[in-house]
Amino acid sequence: MSDDVAGVPCPACGTPNPPDRRFCRRCAAPLTPSTIAAPLPWWRTVWPFRRRTRAGSGRLVRFLVVLTVVLALCAAGFLLLPAGRHLVQDTLDKLGKAKAVTPTRAQASAELPGHTVGLSTDGLSNRYWAAPGPGTSATYTFGKPFRLVAVIVTNGASPAPEEYAKQGRALRIDMEVTDRDGATVHKQLVLSDKPGPQTFPTGISDVATVRLTLQEPAGSAPQRPLALAEVEFFQRS
């Protein structure tokens, strides 16, 4: 076989071949191998994008699938929004610093002379608000809405043990928080029967008023009213 041929060399063995041949005259390798398709980008490897389409075939199916996924994600986000918002606010409460906020007004449903409800927010724990008995409430109003992160209660007449035992005190406080839109949140503050401040995390947004109702008296008698030395409110700074 003569190698004196002017033509395209074989890609496999390098033998020259006449221009009209389709296979090498020596090794029979294809002289015009098929083109290898370029690899797909990563996003085209995910169904339904991995199909190679012609003239727009399958585009409607892919559009409907994408539209369904987007609608499902929007619906899930809408349903989970309250929980997500609560989680974000709770995280910010933990990362932020607490700052004391003083109510602009305090009103009691009942109080004894010399022991008005204003003494419960005067910053002094050796003076107290005296309530005639269980069911008595105090309402604290604030100048502007805020995020209430905690409430600190100093129960009884004083943090000093000997003074604390001289008056009755509530072992449970029902707390009703009203926001600027009029919605209410209810919490129960269960107190230990001991002197000194007790902290209660809250995490309530847009607080406008807080009402505290004294319940479950301890150590009370007709001549010994329920005493509440101090209530402190804290906002996120």
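This is a predicted model: local features need pLDDT of at least 70, side-chain atom pairs count only at pLDDT 80 or more; totals for chains, interfaces and linings use all residues.

Trainee: Why is L71 called exposed?

Mentor: L71 has a relative accessible area of 53%. Exposed means over 50%. So L71 counts as exposed. L71 sits in helix α1, residues 59-95.

Trainee: What makes L71 part of a surface patch?

Mentor: A patch residue needs over 30% relative accessible area. L71 has 53%. L71 makes a nonpolar surface patch with L60, F63, L64 and L67. The patch covers about 510 Å².

Trainee: Why is A28 called partly exposed?

Mentor: A28 has a relative accessible area of 48%. Buried means under 20%, exposed means over 50%, and partly exposed is in between. So A28 is partly exposed. A28 lies in the segment before α1. A28 also has a positive phi of about 65 degrees, although it is not a glycine.

Trainee: How do you know that E216 is partly exposed?

Mentor: E216 has 41% relative accessibility. E216 is in strand β7, residues 197-218. Its phi is positive too, about 50 degrees, and E216 is not a glycine.

Trainee: What makes F142 and F233 an aromatic pair, and why is the pair called edge-to-face?

Mentor: The structure holds 3 aromatic pairs. In the pair of F142 and F233, the distance is 5.2 Å centre to centre. Ring centres must lie within 6.5 Å, so F142 and F233 pair. The angle between the planes is 85 degrees. Over 60 counts as edge-to-face, so that label applies to F142 and F233.

Trainee: What makes this pair a link between distant parts of the chain?

Mentor: F142 is in strand β4 and F233 is in strand β8, 91 residues apart. Both F142 and F233 are buried. Y140, F142, F146 and F233 form one aromatic cluster.

Trainee: Which residues have the most contacts inside the largest nonpolar core?

Mentor: They are Y140, V153, I173, V210, L214 and F233, in a core of 27 residues. β3, β4, β5, β7 and β8 each supply at least two residues of this core. The largest share, 7 residues, comes from β4.

Trainee: What does V210 touch beyond its neighbours within four places in sequence?

Mentor: V210 is in contact with several residues, including Y140, F142, L148, M175, V177 and F233.

Methods:
Residues are numbered from 1 along each chain as its sequence is written. Side-chain values use heavy atoms; hydrogens and water are left out. Patches are made of residues with over 30% relative accessible area and no salt bridge: like charges are joined within 9 Å, nonpolar side chains (Val, Leu, Ile, Met, Phe, Trp, Tyr) within 5 Å. Accessible areas come from the Shrake-Rupley method with a 1.4 Å probe; for residues, only the protein chains shown count as cover. A salt bridge is a side-chain nitrogen of Lys or Arg within 4 Å of a carboxyl oxygen of Asp or Glu. Helices (H or I, at least four residues) and strands (E, at least two) are DSSP runs, numbered from the N terminus. Buried means under 20% relative accessible area, exposed over 50%, partly exposed in between (1.4 Å probe, protein chains only). Rings of Phe, Tyr and Trp (its six-membered ring) pair if their centres lie within 6.5 Å; planes under 30 degrees apart count as stacked, over 60 as edge-to-face and the rest as tilted. A nonpolar core is a set of buried Ala, Val, Leu, Ile, Met, Phe, Trp, Tyr and Cys residues joined through side-chain atoms within 4.5 Å. Contact means heavy atoms within 4.5 Å.
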